Amino acid sequence: MRLISLELHNFRQFAGTHKIEFATGDDRNVTLIYGANGGGKTTLLNAFTWALYGQTSLDFEQRDRLVSDSVWDDATGDAVLETSVAVAFEHNNVHYHLKRRVTTLKEGGREQLPHTVDVQLDSMEMNGVWKKVDPWGDSIAQILPQDLSKFFFFNGERIEQLVQPKAYAEIQLAIKTLLGLEQYEVALKHLPELSKRLRAELRKLGGTQASNIVNEQDEVREAIDRLEDERRRLNGEHRHLGDEKEQVLGLLRANGPAAELQKRRDDQERAYNAAVERQARAREARRNLLSRQSYKVLLAKLLPDVEQAAMGLRDQGQLPAPLKRQFVEELLNTGTCICGTALRPGAEPHAHVERWRAKAGLAEVEGAWQQLQGRIGEVRDVAAGLPEQLRQVNADIATAIEDARQAAAIVSDVSAQIKKLPAEDAQQLESRLTKLDTQIIDNRRRVFDIERQLKEKDDRAAELRKLLAKVEITDKQSAVIRRRIDVNDSAHAAFQKMYDTACEFVRTRLDRQIRDVFSRIAVKSFYPELNSSFELHLWKGSGDDRFPAPKSTGENQILSLSFIGALVALCRERAKEDENTKFLGHMGGLYPIVMDAPFGNLDNTYRQQIAQALPNLASQVVVLSSAAQAEGVVADELEGRVGAKYVVTMKTTKTDINSERLVLDDKSFDYVVPAADSDHATIERVR
């Protein structure tokens, strides 16, 4: 999707008609739009999603009031007012024009109830002729599904929410949408229902034994469904508990009396997590040593006997053998000796050469011996060094255990100190934190127990399928039903595997892309990870020293922006893939990034890094920013990539504020105009 233009008519602050034409060049792909806080930047962002999907963001105040207030106030009673947003764009070499229009009857008061809603999508054919696209909704969903659009049109000040636990489900949904996995999900939903109907028929016709097995299958399936529902509920509860814990920790970090203690606890919890991970890595290293190298200790004891036996063969002239068996066999097969003597079966020359075949050596045996000779020294070295390696690994495990114990003790001590603080609010927060930790531990224990039960039920389901396959059924109709059940269950297993494989395939590709984008933006030597649970994490260090990185607002914003950049890059890559390598129903193509306030609450270093990265994240970037946020390093970094520039002028009836003007491209523009006749906004092009 390449944005061409956005046209607003009487939409929110923008009374009258206003049009923005976006930069589309390869080198100058940035459109920069300046707007004061409250001046209309968020309105412009929501104009895209309202035109495409008929919805605005949850933080969009008074979402139902679409008609410009100034137009509404000037209109007489019973007037029919119109507001509309039109988006022109190009996707996969096809030009589109989408217009959403709402007419509203003014019946008095401020309430705006839509009278009619009209949406029209037109596309231009190769011959330059426009035609109406119907149904328009399906086409928009194929071009950019609504679930995925939130990652391309977003509020920069809220982007860091992507690293919060509550966003993990959204990330997973984005991956599923990117793949177009609805087909898989429909199959995974309906195949079990079909299997259930088939088993009901078999229960009636298949005899007592088959009926008993089918009854138990239904019971097991119902139990699995209940357990999976409970696991989903608990996982959702776990995310909410995690969110609440982060909020409590944030309050403690900002609480004067508790702030230093909380900082100490944060440090020790990071140390504890790092120690636990070091312990896990050391235990894995010990398992590898024992499973892959310990046999060489026993093998080393046999080496003297092997060497003595080989030297005996060497002394006898058998290693290496003077002749190779293949050479002798070729002489016998051809019937002629190298001296020219005929080798006829039964004759002495033939018998003489046959005796040499018995003495000849096999090339494979000699090759194996030569290889063994080369490995003897290696085996001795490994066997000699293994005890010391094991002592070192065990020492690492013991050190990690002790480090974790000390860190846990300090964390517990900090908790006790906070509870003793005279500040009552700090005590209450700490008590709440303790309760949340208990709930989180209990929640994870219950999930672990459910997963154990699910494993048992899955194993029993597999046993029942085998039993049903062995039941003797003489009725032809029942036999057909049983075969259908078997085929249906096999299809369900295959679709589930395809579904899981497809999700993991895209997740791993996104993980690589996120690391690549992050490395080009980040200031610090952290590295991100999108793990198998679709959680965005940030790590510091590597190997045994890896631990969760302390994330500031800047790191959170860069991590989230890296995910979005990776998503854009993956869409671009998938559009170029060969048809034979594509997954069923996936989407792909070039997509823009439209960001509102991407530089808020960041220091100059991060603002500069993000400004450098933005033009390279997508083929087209639209930045909505206040002059204060974009001035200085941001403007300097973006200047060479800006192909279009606009100013949103905020006109207000307030009189107690100062007027403001911006000087852009050596020209002066109104930015804030007080004492206006009405509250509204206008858009003026700078370049």
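Is Phe48 buried or exposed? At 2% relative accessibility, Phe48 is buried (under 20% relative accessible area, with exposed over 50% and partly exposed in between; 1.4 Å probe, protein chains only). The model is predicted, so local features need pLDDT of at least 70, side-chain atom pairs count only at pLDDT 80 or more, and totals for chains, interfaces and linings use all residues. Residues are numbered from 1 along each chain as its sequence is written, and side-chain values use heavy atoms, without hydrogens and water.

**View 1. Phe22 and Phe48 form a tilted pair.** The whole structure holds six aromatic pairs (Phe, Tyr or six-membered Trp rings with centres within 6.5 Å; planes under 30 degrees apart are stacked, over 60 edge-to-face, the rest tilted). Here the centres lie 5.8 Å apart and the planes meet at 40°, so the pair is tilted. Phe22 sits in the loop between strand 2 (14-21) and strand 3 (30-35), and Phe48 in helix 1, 26 residues apart. Helices (H or I, at least four residues) and strands (E, at least two) are DSSP runs, numbered from the N terminus. Phe22 is buried at 7%. Phe22, Phe48 and Phe153 make one aromatic cluster.

**View 2. Phe151 and Phe563 pair edge-to-face.** Their centres are 5.5 Å apart, with planes at 65°. The partners are 412 residues apart, with Phe563 in helix 15 (residues 553-576). Phe151 is buried at 2%, and Phe563 at 0%.

**View 3. Thr49 lies in helix 1 (residues 41-53).** Thr49 is buried at 15%. Beyond neighbours within four places in sequence, Thr49 contacts Gly54, Gln55, Thr56 and Phe153 (heavy atoms within 4.5 Å).
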